[in-house]
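Work through the exercises below with the sequence and the model open. Each task is followed by a solution in steps.

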2 protein chains.
Amino acid sequence: MDLEKVIENLTNLIKNKQIKELRETLKSINSADFPSIIENIDEDKIIMIYRLLSKEKAAEVFVELNHDDQEKLINYLTDTEIKNVMNEIYMDDAVDLIEEMPSNVVKRILTNTKAENRKIINELLKYPDDTAGTLMTTEFIDLKENMTVDDAFKFIKRKELKKETVYNCYVVTSDRKLLGVVDIKDLLIADRDSFIKDIMDTNVVKINTLEDQEEVTRMFDKYNYIALPVVDQENRLVGIITIDDAIDVIQEETLEDFEKMAAITPDDGEETYLKTSVFKHAKNRIIWLLILMISAALTGQVIENFEAAISTLPLLVAFIPMIMDTGGNCGSQTSTLIIRGLAMNEITTKDIFKTIWKELRVSIIVGTVLAIANSIRIILQYHDVKIAIVVSVTLICTVMIAKLLGCILPMLARKIKCDPAIMAAPLITTIVDTLSVLVYFNISTLILHI
Amino acid sequence: MDLEKVIENLTNLIKNKQIKELRETLKSINSADFPSIIENIDEDKIIMIYRLLSKEKAAEVFVELNHDDQEKLINYLTDTEIKNVMNEIYMDDAVDLIEEMPSNVVKRILTNTKAENRKIINELLKYPDDTAGTLMTTEFIDLKENMTVDDAFKFIKRKELKKETVYNCYVVTSDRKLLGVVDIKDLLIADRDSFIKDIMDTNVVKINTLEDQEEVTRMFDKYNYIALPVVDQENRLVGIITIDDAIDVIQEETLEDFEKMAAITPDDGEETYLKTSVFKHAKNRIIWLLILMISAALTGQVIENFEAAISTLPLLVAFIPMIMDTGGNCGSQTSTLIIRGLAMNEITTKDIFKTIWKELRVSIIVGTVLAIANSIRIILQYHDVKIAIVVSVTLICTVMIAKLLGCILPMLARKIKCDPAIMAAPLITTIVDTLSVLVYFNISTLILHI
């Protein structure tokens, strides 16, 4: 669909007050496309468009908007309209909304929420951040084992749940203990009078409310499920996590890793790059830059200690950037692979000696190739074999140091329960810089006798 | 489930030849757990375990294995056993398998595949790499608009498809043109004698076979679907992509981005870090290291041109690592945010001036803070205001250069249809290094008159 045409069409319909045509056009637009449309329409027209949507669609569109637009919209909506939205949206989306809104808006939202829903929202809000409990929705199909398939059909019809929550139906005891799962497809092809207990799968993979959301994404990744049941400490079914919410978490965690690995403090909010203010951008970046800048002064200190050597042979300085950059790049390569491997559970801390042994061999190959290329260049350009030897030996040592640190530091971080993503290129580069300059000048004084 | 206990239990059952118990135990293990189990069991026992699995489970387990283990297993299997696997697995998994196996194994697989499946596999193999066509499965429910709900139920029962492919049923004309979609939940709650055309949703989001797989992941991300229909140039439904395959692609593309951004040539295969050979690791890393090392020599050249200044004031060299590192980190921060924003479609090339303006303001704030912190340190340590000024002005310039390049280069790459991930930290660091050293020595000679 060409969004620009749609927006032009909508603007014209609004201008000409063609309400009936407008309503029809809005029906054919997918809810997920509304955020981009709303961004391109005058603010005073948005509320008009919003009021022409059906109740269900209005709630769907509301959930798709970013938090700024949600807040603006709430301020325009009447209490009845807020009530409609709150009755239609998923409980987990409601919790998301409440967590992000300023307190006066939260108050208005909660007073317009049904008492029973308010209770569920409050329960969900009590789970610690980033746990399975905060991700789950409390809307699911709970069958009993002695229901027939026909009973189950009637039960599902009565429940009127959203479609994603119906694909997997769960079977529980009278005290809500999880017994099994029935896929809706199995329900559909089973005889109408067979019992749920005979068609259910008792081999259910489930997750505890307090489990970290990273574990949730790992389970979705491993078992190709559409939904995952969430149980409390007593194995009572309290909610389900659907795959679309799991994908959002995967995206969010990946972005966080990207940011940490680039020395950016990750944001709690879900704002996009363009929506984040200049001041916030600066704040998120400055801390690591300061830490790394001060650490880099150490490399300067090492260089200062070799001022005599530099005065004797200023050419030595010309190779420092090349040695530093190569060390940084080698460390970045290894740490990225190890951090991703740890995040995807493809590497565990038990593999530390395997990875060290692998990186050692890789660094010997890579270091040697680089050293040879570099020696040829130095000999051709400066006709000085001794300097070529100094730089080449330094390069091989630097590559080895960088690759070993790039492998050991993220593993250690995981071991002591820190996020391995901290031990990425920026920090490793700074450490490798100091060490490689130290190696460089020591080898220089040794071989060149300066 | 505690895998170590399961493995111990299995090993004991095998040793004592308790076949019946072994078969029962295997039934209770989830297919996704088999790869980890098989890794810890002697190779000659694996085939015994595999033969005790039911036909369906054997196929499921087979798909979960990595390519090395699949190849090993195929060499142990009889032709009949291969035939069973090939009849049970999804068409898209079969295509994956064939693409990864050596030609002698492919031959054995294809001779043991039903003629009709072989035709489908060959068709799928013909789509260009990384397109929607290669991701889709050709197993889906295609209803006709004048079927009743009851007809649809019978049709679904007869088709015997896997559950993920049944959640969304598609409605097509007699010449296979896509008309609409019916969610299985709507089918379930509809009256048995109502017509499909009355309950179907004609507002179907679909994708073309030749569309890039990145577009597939974007659509799954935007519209929370469980499956996406794939149509050919004539709008004929030819397959569907299910969400579990889309997640695999998301993970794969993310890893590729991480690798590219760390100067690693991404691998075609799907091997994990530990499974990749030392030689391959070295090969994937050496090309960029060589390119970057040679480029870094340019920075050395700049330094060489200022040998006179260095001889006069060797202290100048001590600040080079700090300036280079800060420049690298600033470039890395910005380029990471821009590359991710582009990948997630949150930023488009149209936003280039908005992002430049944002980064300009961020870099002034960040640069000033860093310059102040640094001036204090230099004045305290060296009691030299002039050097403090030189380094601070250089720092502010470096931060601005780094942040602007980190923003412009990935955008340009996208504009000329290259992958923005190439324009990440390693390359930008190298460019910023040269420029910042150039700025540094020019400001030094200007202010310090050396």
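The model is predicted.

**Exercise 1.** Describe the contact of chain A and chain B by its residues.

*Solution.* Step 1: chain B gives 92 residues to the contact and chain A gives 93 residues. Step 2: the side of chain B that touches chain A divides into 52 nonpolar, 20 polar and 20 charged residues. Step 3: 100% of the interface residues of chain B are interface residues in chain A too, so the copies meet through the same surface. Step 4: for the complex, the predictor gives an ipTM of 0.75 and a pTM of 0.76.

**Exercise 2.** State which residues of strand β2 (residues 168-172) of chain A are buried, and on which sides they lie.

*Solution.* Step 1: a residue is buried if 20 or more other C-beta atoms lie within 10 Å of its own. Step 2: N168(A), Y170(A) and V172(A) are buried on one side, and C169(A) and V171(A) are buried on the other. Step 3: five of the five residues of β2(A) are therefore buried, and the strand is largely enclosed by the rest of the structure.

**Exercise 3.** Trace the pairing of β2(A) through V171(A).

*Solution.* Step 1: strand β1 (residues 142-143) of chain A runs parallel to β2(A), joined by two bridges. Step 2: in this pair, V171(A) is the bridge partner of L143(A). Step 3: strand β3 (residues 178-183) of chain A pairs with β2(A) in the antiparallel sense, over five bridges. Step 4: there, the bridge partner of V171(A) is G180(A). Step 5: the hairpin of β2(A) and β3(A) has five residues between the strands, and R176(A) takes a positive phi near 65° in this hairpin.

**Exercise 4.** List the buried residues of helix α5 (residues 55-64) of chain B and the helices they pack against.

*Solution.* Step 1: the buried residues are A58(B), E60(B), V61(B), F62(B) and E64(B). Step 2: the buried residues of α5(B) pack against α3 (34-39), α4 (43-51), α6 (67-76) and α7 (79-88) of chain B.

Technical notes. Residues are numbered from 1 along each chain as its sequence is written. Chains are lettered from A and ligands numbered from 1 in the order in which they are written. This is a predicted model: local features need pLDDT of at least 70, side-chain atom pairs count only at pLDDT 80 or more; totals for chains, interfaces and linings use all residues. Two residues are in contact if their C-beta atoms, placed from the backbone, lie within 7 Å. Ala, Val, Leu, Ile, Met, Phe, Trp, Tyr, Cys and Pro count as nonpolar, Asp, Glu, Lys and Arg as charged, and the others, Gly among them, as polar. A residue is buried if 20 or more other C-beta atoms lie within 10 Å of its own, exposed if 12 or fewer, and partly exposed in between; C-beta atoms are placed from the backbone. Helices (H or I, at least four residues) and strands (E, at least two) are DSSP runs, numbered from the N terminus. Two strands pair if DSSP finds at least two bridges between them.
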